[in-house]
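The following note concerns the ligand site and its surroundings. Please read the points alongside the sequence and the coordinates.

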Amino acid sequence: MSDYDRDARRLWSRKVHGLTPYVPGEQPRDRVFIKLNTNENPYPPAPGVIEAIQTFPVERLKLYPDPTGLATRTALADYHGVALDQVFVGNGSDEVLAMAFQAFFNHHIDPATAKETEKIVFPDITYSFYPVYARLYDIPYRTVPLADDFTMPLASLQAPSAGIVLANPNAPTGIALALDDIRSLAAADRDRLILVDEAYVDFGGESAVALLPEFDNILVIQTLSKSRSLAGMRIGFAIGDPHLIHALERIRDSFNSYTLDSLAQTCAVAAFADGHWFETTRIRIMTTRERTTKALESLGFSVLPSAANFIFIRHDRYQAADLYTRLRDAGILVRHFKQPRIENSLRVSIGTDPDMDAFITALTEITADSQ
Ligand code: PMP
């Protein structure tokens with residue numbers, strides 16, 4: 001570290017020194033890649049969304065957006081068959097997740113004894129933002145190892161804890177958990193919140209929104225980034241008991257009243273109004289996923305059963321790090337996590353059919369080359 005850096009960093013808070021921030025997948029600007037690395041939707045947003053953007057009354061931008069996101073929440077409540085006061089919207093589901101960590105998992109110090117009570121839990125292999133939020137908000141956590149086949153370790157999740165965070169389908173494995181399993185986790189301790197991150201649920205999972213009439217200790221978080229092709233608009237939402245939603249509103253209104261801008265709110269409403277596009281594209285992605293899986297299996301890859309818009313693959317004879325580099329050289333970006341247990345796997349987002357054809361052709365050549 002230079003003298004300058006040392007000097008400048010003396011102004012950092014203790015918290016900033018201690019952080020290990022999340023590293024998002026690469027967004028290359030210098031070269032055109034087939035991008036299969038950040039689980040974006042390969043199809044454009046719905047025609048109705050494009051029209052809403054083109055006809056957006058730009059003069060409205062001089063005004064602040066609706067802080068309550070009423071029109072967006074109404075569209076979401078109608079779509080999911082829940083009441084308006086069960087819906088919270090935010091700037092991408094990452095933000096909603098961060099607010100949920102703050103709202104529900106920060107009461108771990110027993111005021112009487114000043115001792116830490118139970119920690120929150122999540123699997124060892126899951127969305128890598130969870131430990132980042134936990135550390136940011138000083139929330140003690142422990143991880144429970146996924147089984148060898150990467151399924152959820154239900155028995156260890158059942159054990160007492162201060163809260164459970166699950167991605168369903170899980171990332172980066174793509175494996176979905178059945179609703180009955182979430183039901184039994186929620187029923188085991190009704191004083192414990194289960195945060196169910198359903199970023200990928202529209203590609204084959206079952207939504208825990210169906211459990212909300214039974215449980216007020218489940219909060220479901222979804223996004224318009226994946227199945228609605230709106231990653232660049234940053235729209236996420238939570239659905240749960242009105243008391244949970246109220247807690248999220250209290251956090252938001254202590255931080256930034258206007259998390260969702262006016263154009264994003266307009267797009268969200270238009271996305272839900274154009275259900276046909278949503279159905280067509282998500283089914284297309286699932287069909288491409290199954291076709292890609294079969295082609296990879298015939299090249300000798302193991303592919304975990306995915307209910308998401310990505311697959312998690314490995315090959316016994318090839319190192320994932322080498323495959324990653326060779327694919328990159330061929331103009332195809334995938335995601336490689338240098339993390340114990342999964343360092344020899346690659347996560348591959350499902351692109352268009354031509355994208356996946358190019359990917360399969362590249363792997364066919366790579367695997368033929370190194371025989
Ligand atoms: N949850 C999971 C499991 C994800 O993979 C992602 C995407 N990185 C998100 C949440 C966040 O998505 P967004 O903030 O775009 O809504």
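1. For the classes used below, Ala, Val, Leu, Ile, Met, Phe, Trp, Tyr, Cys and Pro count as nonpolar, Asp, Glu, Lys and Arg as charged, and the others, Gly among them, as polar. On that basis, the shell around the ligand divides into four nonpolar, four polar and four charged residues. The model is a predicted one.

2. The residues around the ligand are Gly92, Ser93, Asp94, Leu97, Tyr127, Asp197, Ala199, Tyr200, Thr223, Ser225, Lys226 and Arg234. Helix 5 (residues 92-104) supplies the largest share of this shell, with four residues.

3. At Ser93, a backbone N or O atom lies 2.7 Å from a ligand oxygen. An N or O atom in the side chain of Thr223 is 2.6 Å from an oxygen atom of the ligand, and a polar side-chain atom of Arg234 lies 2.7 Å from a ligand oxygen. On its own the ligand has 410 Å² of accessible area, of which the protein covers 91%.

4. Where does the ligand sit? It is placed in the largest pocket. This pocket has a volume of about 660 Å³. It is lined by 33 residues, and those closest to its centre are Tyr22, Thr38, Asp94, Tyr127 and Lys226.

5. The lining of the largest pocket comprises 15 nonpolar, 11 polar and seven charged residues. Helix 5 gives the most to this lining, with three residues; helix 5 also provides the largest share of the ligand shell.

Key: Residues numbered from 1 in each chain as written. Predicted model: local features only at pLDDT ≥ 70, side-chain atom pairs only at ≥ 80, totals over all residues. Heavy atoms only, no water. Near = heavy atom within 4 Å. Polar contact = N/O pair within 3.5 Å; in protein donor to acceptor, adjacent residues only side chain to side chain. Areas by Shrake-Rupley, 256 points an atom, 1.4 Å probe, with all protein chains shown as cover. 1 Å grid on protein atoms, 1.4 Å probe; cavity = no way out; pocket = protein on both sides within 12 Å on 5 of 7 lines; lining within 4 Å. Sits in = over half its atoms within 2 Å of the grid points. Helix = DSSP H or I, 4+ residues; strand = E, 2+ residues; numbered from the N terminus. Points joined across faces, edges and corners; volume = space filled by probe spheres on them.
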